[in-house]
Amino acid sequence: MTAIVIAGAGECGTRAAFALREEGWDGQVILAGAEPSPPYERPPLSKTGELKPICDSGALREARITFLPGTEVAGLDTAAHVLELADGRRLAYRSLLLATGARARRLPFGGAPVHVLRTRADSAALRERLRPGRRVAVIGGGFIGLELASSAAALGGTVTVIELGPRLMGRAVPARTAAVMAERHIAAGVDIRCGTGVTGLAQTASGVAITLAEGPTVEADVVVAGVGAAPETSLADAAGIETCDGITVDARFATSAPDVFAAGDCCRYPHPLYDDRPLRLESWRAAQEHGTAAARAMLGGTGPYAGVPWFWSDQHDYTLQVAGLADTAAGEVVRARPDGVEIWFGLNGSGRLVAAAAAGPGNSVAKDIRLAEMLIARRAAPDPAALADPAIALKSVLRSPVAS
Ligand SMILES: Cc1cc2nc3c(=O)[nH]c(=O)nc-3n(C[C@H](O)[C@H](O)[C@H](O)COP(=O)(O)OP(=O)(O)OC[C@H]3O[C@@H](n4cnc5c(N)ncnc54)[C@H](O)[C@@H]3O)c2cc1C
């Protein structure tokens, strides 16, 4: 029996390897990861900086997963069902999962050293430079940039965030929720500059001078770019597998090549809750769920994946959570809780709940977002007045009618 091979030992690939065993596959499982270390979690890299393994080598051994660290899959012959490793070895596969993730985008110009943050190595290089009193410039006001801004401030840095868009987290977070986080950053002393782009970087005697399209030059000792991530599709592209800002897959993660699947940050998949709109997510939970779903599909499962998109971000002592897709909302309802936390709900044109978001101290928003997620999954069309009324338990709203 030929092996099931997984290219990429991140959140998705590692989960898929274990899920194959959980689903009863008894044949060989090969997990090839380009990075030299055992699988680790990325979310702590921008928060505490702590190194958190996904699993230890004992667990991989026990599950009889052949783990090949520092091993890049370099080529693919989809007709022959054979792949080539960077060291020249060739492996035959029965099924192949591409779980190659994404890589940090870089600024289009040089002039001074700029950190990015995707890997353990990036994190080590950056953490080494975050010291009390250092001036830290974060280019990009998305999640990773803002999490870093909050850790740099906690470590005693003087932090400036430069964001091209008119507000923070413009891509996936509703304006109201983003404004709560912006206030929290400002209260922590972070200088937020939105609506201005970086036009150049220059090394000076005292650090780096960052010139902006609008506003005064920012002087920094450490510069970090948090300007998004690009899906790692090079292997798929070279093999002639269909890609479109992500490896194109169907609702069971099958690519255009026979027996080749793709999942996690690298894939773009149709979501049944959103009219099969092709989605590419960069979300820890999605990467795990994709891994499990892709493992089932590789073993012949036919069910489509319909998990509600969800992510969280920790910034200072606040946690932000978003369920669903905020940009599909045509209208909004806000529930103002007595504790000062606002839960934002997004409804589509037919009144169906399609997204919810909130930010607040500690774990204060988790329960409401969890309930909202259940409503989104059920395609509920709740009464907007009930959603808005903090005296009505969200749990009771779960009995809402389902949208047609
Ligand atoms: C700093 C940071 C903080 C984050 N924080 C959050 C958060 O708070 N909340 C949240 O929901 N999400 C967060 N995320 C996103 C989340 O971590 C990702 O969505 C998730 O890691 C994606 O998993 P993946 O397995 O698809 O890809 P990755 O984790 O990127 O793993 C892909 C792996 O494949 C390897 N690879 C690539 N090409 C090849 C090849 N040809 N051969 C072999 N191996 C290859 C790569 O080296 C990499 O190790 C964060 C991400 C980062 C970077």
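Does Arg118 count as buried or exposed, going by its relative accessibility?

Analyst: Arg118 counts as buried, with a relative accessibility of 16%. The cut-off doing the work here is 20%, since anything under that relative accessible area is called buried. Bear in mind throughout that this is a predicted model.

As for where to find it, Arg118 sits in the loop that runs between β7 (102-104) and α3 (120-127). Setting aside neighbours within four places in sequence, Arg118 is in contact with Tyr40, Arg42 and Leu45, with Ala102, Arg103 and Ala104, and also with Ala229 and Asp265. Three of those partners, Ala102, Arg103 and Ala104, carry the numbers of β7 (102-104), the strand at one end of the loop that holds Arg118.

His81 is in the loop between β4 (73-77) and β5 (82-85), and it has a positive phi of about 60° although it is not a glycine. His81 is buried too, at a relative accessible area of 17%. Arg64, in the loop between α2 and β3, also has a positive phi without being a glycine, about 55° in its case. Arg64, however, is partly exposed, with a relative accessible area of 45%.

Val73 is buried at 8% relative accessibility. Leaving out residues up to four places away in sequence, Val73 touches Ala7, Ala32 and Leu235, plus Leu83, Glu84 and Leu85.

Helix α1 is worth a stop for anyone interested in packing. Of its 12 residues, 10 are buried, so the rest of the structure largely encloses α1. The buried set is Glu11, Cys12, Gly13, Thr14, Ala16, Ala17, Phe18, Ala19, Leu20 and Arg21. Those buried residues pack against strands β1 (3-7), β2 (29-32), β3 (65-68) and β6 (90-98), and against helices α2 (57-62) and α7 (284-298). The length of α1 checks out: at 1.5 Å a residue, residues 11-22 should span 16 Å, and the end C-alpha atoms are 16 Å apart. After α1 comes Gly24, with a positive phi near 100°.

Now zoom out to the whole protein chain, which has 10 helices and 24 strands. Its radius of gyration is 22 Å, close to the 22 Å that the globule rule gives for 404 residues, so the chain is as compact as a globular protein of that length. Along the principal axes, the C-alpha atoms fill a box of roughly 65 × 60 × 35 Å. Arg118, as a buried residue, belongs to the 53% of the 404 residues that count as buried. Among contacts with a separation of 6 or more, 60% are between residues 24 or more positions apart. The accessible surface comes to about 17000 Å², and carbon and sulfur atoms make up 53% of that area. On the charge side, the chain has 40 positive and 43 negative charges, and their mean positions are 3 Å apart.

Definitions and conventions
Residues are numbered from 1 along each chain as its sequence is written. This is a predicted model: local features need pLDDT of at least 70, side-chain atom pairs count only at pLDDT 80 or more; totals for chains, interfaces and linings use all residues. Side-chain values use heavy atoms; hydrogens and water are left out. Helices (H or I, at least four residues) and strands (E, at least two) are DSSP runs, numbered from the N terminus. The radius of gyration is taken over C-alpha atoms; the globule rule is 2.2 Å times the number of residues to the power 0.38. Buried means under 20% relative accessible area, exposed over 50%, partly exposed in between (1.4 Å probe, protein chains only). Contact means heavy atoms within 4.5 Å. Accessible areas come from the Shrake-Rupley method with a 1.4 Å probe; for residues, only the protein chains shown count as cover. Lys and Arg count as positive and Asp and Glu as negative; His and the chain ends are not counted. The place of a charge is taken as NZ of Lys, CZ of Arg, CG of Asp or CD of Glu. The expected span of a helix is 1.5 Å times one less than its number of residues.
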